[in-house]
Amino acid sequence: MKDLLIYRLPTEKAPHIQRGTFSILKEGDKPLGFVISDFLHEQIFKFEESPESESNFSFHYSSEIPTIISRRDYQIEAQAFLNSFPLLGVEKGVYSRIKQVPFKGEKAVELFHLLEKTYPNAFCYLISSAHFGTWIGATPELLMNQEGMLCKTVALAGTHGENEEHEWTPKEMKEHQFVVSAIREALERNECVEIEADGPYVVQAGPVQHLKTDFKALLTKPNAWSIALDLHPTPAVCGTPRLNAMEAILTREMHNRELYTGFIGLFEEGNTNLFVNLRCAQLLSDKAFLYVGGGFTIDSIPDLEWDETEKKAETLSRVMKQI
Ligand SMILES: C=C(O[C@@H]1C=C(C(=O)O)C=C[C@H]1O)C(=O)O
């Protein structure tokens, strides 16, 4: 049974549909083509297309059921996450959870097509392999676009509901600035020059709005893969300082993030389009696990953060309900 890869880059008219094999990238190897990594780069998979087509395709489903927490338990756990900040020296940390919704895995391709129509500016994908089961997503967050020596990335952090019209608070601006600073530092560390940041401005991403800052820089050598590995995970999905936030996440989150908040897309030195794997779900035959999170600083209120994860979950759940 072959693996499946379907993806569509933002603004592309038609998706790429491929059968082939996902395999684990060996440490130190530089990939060429489609790649997907987990949150901590412990596993990076590359895809190789097979020439022959097989008609009897069926989806791979993971047999593991992740931990789902209730609103009440989230409040307790997210508060404990927050309480660990002074002890661990964390200034910002991203706490996530999983929401379970009913969905028939066999409708995955139909869902993909609806997602790509609904979110023309997102990176949309559907992948299925025995390595990780079946995942689908429509992410608004670019990790790295590279054409020749020009490299682009974004800071995307700070969230309001689609119809919220109140001002962005200093707390939200600060959360965003952590990401801006970390991106600039990573680009400088990797010897990029002419680094320009434009923002923050507000963008719509389905049921939510975000603060966004666009970055542009020039590479001085062919080190796009090292830059991607160093940029990711940014404080938009991990925190600041990075290692301290990782420790808080690994200690207090109730599930393994698997492919959520990893990176996904196409890598080729000089022609790269990688995204952060957000607004995504793992599909089983009769249900979907939606992975959602949000940034915490010391003055965050867990109950409001829960509401934010509910809105982010709607990116996929709204579209699932149409099927
Ligand atoms: C972590 C997620 O989103 C990230 C966190 C955001 C925030 O904290 O405001 C905004 C956009 C993303 O960078 C998610 O969608 O699960």
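## Largest pocket

In this predicted model, six strands each contribute at least two residues to the lining of the largest pocket: β7 (133-139), β8 (142-147), β9 (150-161), β10 (193-205), β11 (208-218) and β14 (271-276). The space within the largest pocket amounts to about 650 Å³.

In total, 31 residues line the largest pocket, and those nearest its centre are Pro-10, Asn-121, Ala-122, Pro-140 and Lys-212. By residue class, the lining comprises 15 nonpolar, 10 polar and 6 charged residues.

## Second largest pocket

The second largest pocket holds about 560 Å³ of space. Its lining is made up of 30 residues, with Asp-38, Asn-256, Arg-257, Glu-258 and Leu-259 closest to the centre. Two or more lining residues come from each of β7 and α5 (242-252).

The lining of the second largest pocket consists of 13 nonpolar, 11 polar and 6 charged residues. Strand β7 also supplies at least two residues to the lining of the largest pocket.

## Packing of α2 and α6

The axes of helix α2 (residues 108-118) and helix α6 (residues 302-320) approach within 10 Å and cross at roughly 120°. Because of this angle, α2 is oblique to α6. The crossing of the two helices is right-handed.

On the α2 side, the contact involves Leu-111, Leu-114, Leu-115 and Thr-118, which meet Thr-315, Leu-316, Val-319 and Met-320 of α6. The residues of this contact divide into 6 nonpolar and 2 polar, with no charged residue.

How values were computed: Residues are numbered from 1 along each chain as its sequence is written. This is a predicted model: local features need pLDDT of at least 70, side-chain atom pairs count only at pLDDT 80 or more; totals for chains, interfaces and linings use all residues. Side-chain values use heavy atoms; hydrogens and water are left out. On a 1 Å grid over the protein atoms alone, a cavity is a set of points where a 1.4 Å probe fits but cannot get out, and a pocket is an open set with protein on both sides within 12 Å along at least five of seven lines; lining residues have an atom within 4 Å of a point. Grid points are joined across faces, edges and corners, and a volume is the space filled by probe spheres set on the points. Helices (H or I, at least four residues) and strands (E, at least two) are DSSP runs, numbered from the N terminus. Ala, Val, Leu, Ile, Met, Phe, Trp, Tyr, Cys and Pro count as nonpolar, Asp, Glu, Lys and Arg as charged, and the others, Gly among them, as polar. Axes are lines fitted to C-alpha atoms, for helices over the stretch in contact, and angles run from 0 to 180 degrees between N-to-C directions. Angles under 35 degrees count as roughly parallel, over 145 as roughly antiparallel, 65 to 115 as roughly perpendicular and the rest as oblique. A crossing is left-handed if the near helix is turned anticlockwise from the far one by less than a right angle, and right-handed if clockwise. Contact means heavy atoms within 4.5 Å.
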